[in-house]
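Reader: Got a model I want to go through with you. Can we take it piece by piece?

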Amino acid sequence: MNFDFSDAQKALKQQTRGFLRAACDTTVPRRVLEDPDEPFARDLWQQICANESPGIAIPEEYGGIGFGYLELCVVAEELGRAIAPVPFSSSVYLATEAVLLAGSENQKQELLPRLAGGEQVGTFALSEGPGQATEANLQTTLKDGRLSGTKVPVPDGDIADFCIVVARDGGGTSLALVDLDGDGVARESVDTLDPSRSHARITFDSAEAELLGESGQGWTLKDRVFDRAAVLFSMEQLGGADACLQMAIGYAKGRYAFGRPIGSFQAIKHKLADMYIKNELARANCYYGAWALSTDAPELQVAAAAARVAATQAFHFASKENIQTHGGIGFTWESDCHLYYRRSKLLALSIGSERVWKDRLISGLERQEAA
Amino acid sequence: MDFNDTPEQAAYRAEVRAWLGANAEPRKDRPSVSRRLDAEEGLALAKAWQARKADAGYACRHWPVAHGGQGRPMIETIIYDQEEANFDVPTGFFSIGLGMCGPVMAQYATQEQQARFIPPLMRGEEVWCQLFSEPAAGSDVAGLRTRCHRDGDDWVVNGQKVWTSGAHYSDWGILVARHDSSLPKHKGLTFFFIDMKSPGIDIKPIKQINGGSNFNEVFFTNVRVPDSQRLGAIGEGWQVAITTLMNERLAVGDAPPPDFREVMKLAAACELDGRSALEDSSVREKIADWYVESMGMKHTKARTMTALSQGKVPGPENSIGKVVSASKLQNVSSFGADLMDMGGVITDPSLMPSDALFQQSFLYSPGLRIAGGTDEILRNIIAERVLGLPGEIRVDRDVPYSDIPTGS
């Protein structure tokens, strides 16, 4: 039994944490949040790319550094802790995973080195507006190599170079790879709950597109990409949840009311103990998800869904109760509490809501049971 | 990261499995052997099994050789327990003795006493109980009222203890009592081990809300205890008790079923709105919540086991176990009954899915949220010892015990 990260992985985590503490304190997400002309922190993204972080899990033959997913997981946790305002999740967890999973050899050769070095940002588009996207209600259509329809919200859709789009394709569903600077693509920013991570509405009007993966396999591929991404998103959520807990502990120790630190009141203690409990449950599930991702285990679907559900619950709870622990100051714009509160909801909905993941978890269990 | 044993651990596991296979029956889908027997028969079987384990070197393997153990790493005890859980063997009578009384004797008793008491405790020949809680001292156990005073070479004990598991079949017990009410409450306590057959001890079973009687009230009327059976100095009883309670938290195990598996099976068999309840999204969401909690604890244990296996001290993450599992058991039980709709109130096992397991645990589970530290006390412990939040303001800490308001 060795259910722990290796010393080298822990060292990478500490190194990443140290780097982000210096390069991405909360003034950085706040800057992006407040400046409508800055969709992401370019300076930070450049440093992250200079560290070769986007290529951590990309094999060396495709220009990556060929570590594994456990290494990517520890970096994800730290990016989540720092609520880093960069397109890492879109480009690495989604676009890179989709290309690795479904791309032809040519597509891999062409795209992966650029993703690894950060020369290009990729993203992934499923949602077409409020309401759960299903295979039956997709409106975006791929026909004869042309894509038409509207996707919203597309994470980093305003700044990404290319997008992988889930589209109706004849009787089935396919993944379409589109150059976002090409003809027939119109994009505009949309306001979201968390402006520190930009999103776009993209309209495709007979835009040139090529298949990523087999025609008709799009929905299954989407599920598999999301399973893998779910573990990585969960690690970010875990980092964010831990940051909220630490912030709340710090405040509860220093803030005095009724002549004593508010952290000495059981109402606050129990709240923070509950945060800790949820975070530890999430951590254990996330580590298991990390193991399943890194070994491509048959348990991945269930493990990823469990990590996703636990981490979504933990970050949501920690971010809202962190505000509550702070009281009035926690509701102000100047306090950092809302940065985490916004991010927690953004991440909670990024690849499907908690409800969707719970259903995927039970479906996976049913399948295991039947096998 | 992997879930494999080291070659050494795998070899040990194989050895344990082979021994268990030759000496016990695999666990089947029916009540375990000890549940089918009355307490006396069950105890006799359990004693025989514990002795057999001890003879084979599998009881308390991590204890020092001098105490009857094998001086082996903790991980071997854990591996043995994991494997034993797959077999239908009578256990449970010795958990207080092995988990709490043995360690406190090992720390505070004389060499002669250790040689006399620990081996029979370890072999299951003598059963031990713990006498801490009182009617007026539950979470606030340091507020206990049972008195003791010195009389020659003996102490004389008067008072009442409560929630004592197994008092009626125990041979020995560990006891904390107040020797001086003029001292602040934590300073006036002294710790003993006592012969449960001593004159003046009166044991009455408590009937619980589930109808069972797992615990007792124990009354002390002029019970004499030799001073040689004092553990720790006079007035050091609280420190000794705290050591014991720390061990208790390690000794309190998992909540029993039902868990998500049983609800899932039940939901698949129940009809809701004209289809399988397992197709209902509200049912699926709840099962997913419990799955996440169960797996969270399972993998947290794996983290603890990893630390032990590497010879490290486990982190504080294990402290969440009972808080999570006790509430989960209560919620799962209640929901299981709900799935049976109007019929969910029936407790006759012959009429009910899983022999009315959900109904039984509905009545049993409230106790688990209280025993071994209430949900509230455990949250205080997490907040203070793990998260480093300031302690409670204690209005009763520095005043004489006799001046503390009691409300009665």
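Reader: What kind of model and numbering are we using?

Author: This is a predicted model: local features need pLDDT of at least 70, side-chain atom pairs count only at pLDDT 80 or more, and totals for chains, interfaces and linings use all residues. Residues are numbered from 1 along each chain as its sequence is written, while chains are lettered from A and ligands numbered from 1 in the order in which they are written.

Reader: Where does A:Glu52 sit?

Author: In the loop between helix 3 (42-50) and helix 4 (69-81) of chain A. Helices (H or I, at least four residues) and strands (E, at least two) are DSSP runs, numbered from the N terminus. A:Glu52 has a positive phi of about 65°, although it is not a glycine.

Reader: Which residue of chain B is not a glycine and has a positive phi?

Author: B:Asp355 is one, with phi about 55°. B:Asp355 lies in the loop between helix 9 and helix 10 (357-368) of chain B. B:Asp355 counts as partly exposed, because it has 14 C-beta neighbours inside 10 Å.

Reader: And B:Ile346, where is that?

Author: In the loop between helix 9 and helix 10 of chain B. B:Ile346 is partly exposed, with 14 other C-beta atoms within 10 Å. Leaving aside neighbours within four places in sequence, B:Ile346 is in contact with B:Leu351 and B:Met352. Contact means that the C-beta atoms of two residues, placed from the backbone, lie within 7 Å.

Reader: How far is B:Ile346 from B:Asn331?

Author: They are 15 residues apart in sequence and 18 Å apart in space, C-alpha to C-alpha.

Reader: Switching to peptide bonds. Which ones are cis?

Author: The bond from A:Val152 to A:Pro153 is cis, with omega near -5°. A:Pro153 lies in strand 3 (residues 146-155) of chain A. In chain B, the bond from B:Pro257 to B:Pro258 is cis, with omega near 10°. B:Pro258 is in the loop between helix 6 (237-251) and helix 7 (260-269) of chain B.

Reader: Helix 5 of chain B next. What span should its twelve residues have?

Author: 16 Å, at 1.5 Å a residue, for residues 111-122. The expected span is 1.5 Å times one less than the number of residues. The end C-alpha atoms are 16 Å apart, which agrees.

Reader: Which residues of helix 5 of chain B are buried?

Author: B:Gln114, B:Phe117, B:Ile118, B:Leu121 and B:Met122.

Reader: Now the cores. How many residues has the largest nonpolar core?

Author: It has 223 residues. A nonpolar core is a set of buried Ala, Val, Leu, Ile, Met, Phe, Trp, Tyr and Cys residues joined through C-beta atoms within 7 Å. Those with the most contacts inside it are A:Cys163, A:Ala176, A:Val178, A:Leu272 and A:Ala306. Helix 7 (residues 218-254) of chain A gives the most to this core, with 19 residues.

Reader: What does A:Val178 touch?

Author: Not counting residues up to four places away in sequence, its contacts include A:Leu147, A:Phe162, A:Cys163 and A:Phe204.

Reader: Last topic, the contact between the chains. How many residues does each give?

Author: Chain B gives 38 residues and chain A gives 37 residues. Helix 8 of chain B gives the most to the chain B side, with 17 residues.

Methods. Buried ≥ 20, exposed ≤ 12 C-beta atoms within 10 Å, placed from the backbone.
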